[in-house]
Amino acid sequence: TACPRSPPRLPEASAPGKISLENASEGEYFQGEDDKRGLLRLTGRIRVRLPNGVFEADTVVIDTNRKELYAEGNIVFSGEGTVVHGERIIYDQTVGTGIIYNASGFRDPLHFIGSSLMQTGPDKYAISHANFTGCTVERPHYNLSAKKVWFFENGKDFDHQSGQDQD
């Protein structure tokens, strides 16, 4: 007689802000004498998995006390329907949000460039000093410019007076 098999255990959904390192060439751990603050510095083409995607960078520094990550050099973030290139990224693991500086990329259906792309919350993004277009040719036929553009993926309306989303 065959024994009934239990279904395989699937990995749990990652907690907000949880990261995992998938690739690094070298790593050094530093700890301050005064504040006991731990810094992990990684070099090489580092690959970091975030809850909403993966990014690669040349250098990554993780502050283990403050739960912050700083990366620079050839930043490429990839997520569902998204590719963003940037100069550097700062990610706060405690709240699961981050910012990419000098960002350019594609978020279906828009191509964009901005001085910064910030994730302000789950499914909420803001691009500062933005140029964006839906045109797919190399030299777009049109583009729009704005000091700040907000993207909401949760179907809520945006209140321009308070800067908050509304149910």
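**The largest pocket and its lining**

Tutor: In this predicted model, 23 residues line the largest pocket, and those nearest its centre are Asn52, Phe77, Thr82, Gln119 and Tyr125. Two or more lining residues come from each of strand S5 (68–79), S6, strand S7 (97–107), strand S8 (110–121) and strand S9 (124–133). Of these elements, S7 gives the largest share of the lining, with 5 residues. Sorted by class, the lining comprises 13 nonpolar, 6 polar and 4 charged residues. The volume of the pocket is about 410 Å³.

Thr82 counts as buried because its relative accessibility is 10%, and the cut-off for buried is under 20%. Setting aside neighbours within four places in sequence, Thr82 is in contact with Phe77, Phe106 and Arg107. With Arg107 there is also a polar contact, side chain to side chain, at 2.3 Å. Phe77, another partner of Thr82, is likewise among the residues nearest the pocket centre.

The largest nonpolar core has 26 residues, and Val48, Phe55, Val60, Leu69 and Ala71 touch the most other members. At least two residues of this core come from each of strand S3 (38–50), strand S4 (53–63), S5, S6, S7, S8 and S9. Val60, apart from neighbours within four places in sequence, is in contact with Leu40, Arg41, Leu42, Ile46, Val48, Phe55, Leu69, Tyr70 and Ala71.

Note on methods
Residues are numbered from 1 along each chain as its sequence is written. This is a predicted model: local features need pLDDT of at least 70, side-chain atom pairs count only at pLDDT 80 or more; totals for chains, interfaces and linings use all residues. Side-chain values use heavy atoms; hydrogens and water are left out. Buried means under 20% relative accessible area, exposed over 50%, partly exposed in between (1.4 Å probe, protein chains only). A polar contact is a pair of N or O atoms within 3.5 Å; within protein, one must be able to donate a hydrogen and the other to accept it, and residues adjacent in sequence count only if both atoms are side-chain atoms. Contact means heavy atoms within 4.5 Å. On a 1 Å grid over the protein atoms alone, a cavity is a set of points where a 1.4 Å probe fits but cannot get out, and a pocket is an open set with protein on both sides within 12 Å along at least five of seven lines; lining residues have an atom within 4 Å of a point. Grid points are joined across faces, edges and corners, and a volume is the space filled by probe spheres set on the points. Helices (H or I, at least four residues) and strands (E, at least two) are DSSP runs, numbered from the N terminus. Ala, Val, Leu, Ile, Met, Phe, Trp, Tyr, Cys and Pro count as nonpolar, Asp, Glu, Lys and Arg as charged, and the others, Gly among them, as polar. A nonpolar core is a set of buried Ala, Val, Leu, Ile, Met, Phe, Trp, Tyr and Cys residues joined through side-chain atoms within 4.5 Å.
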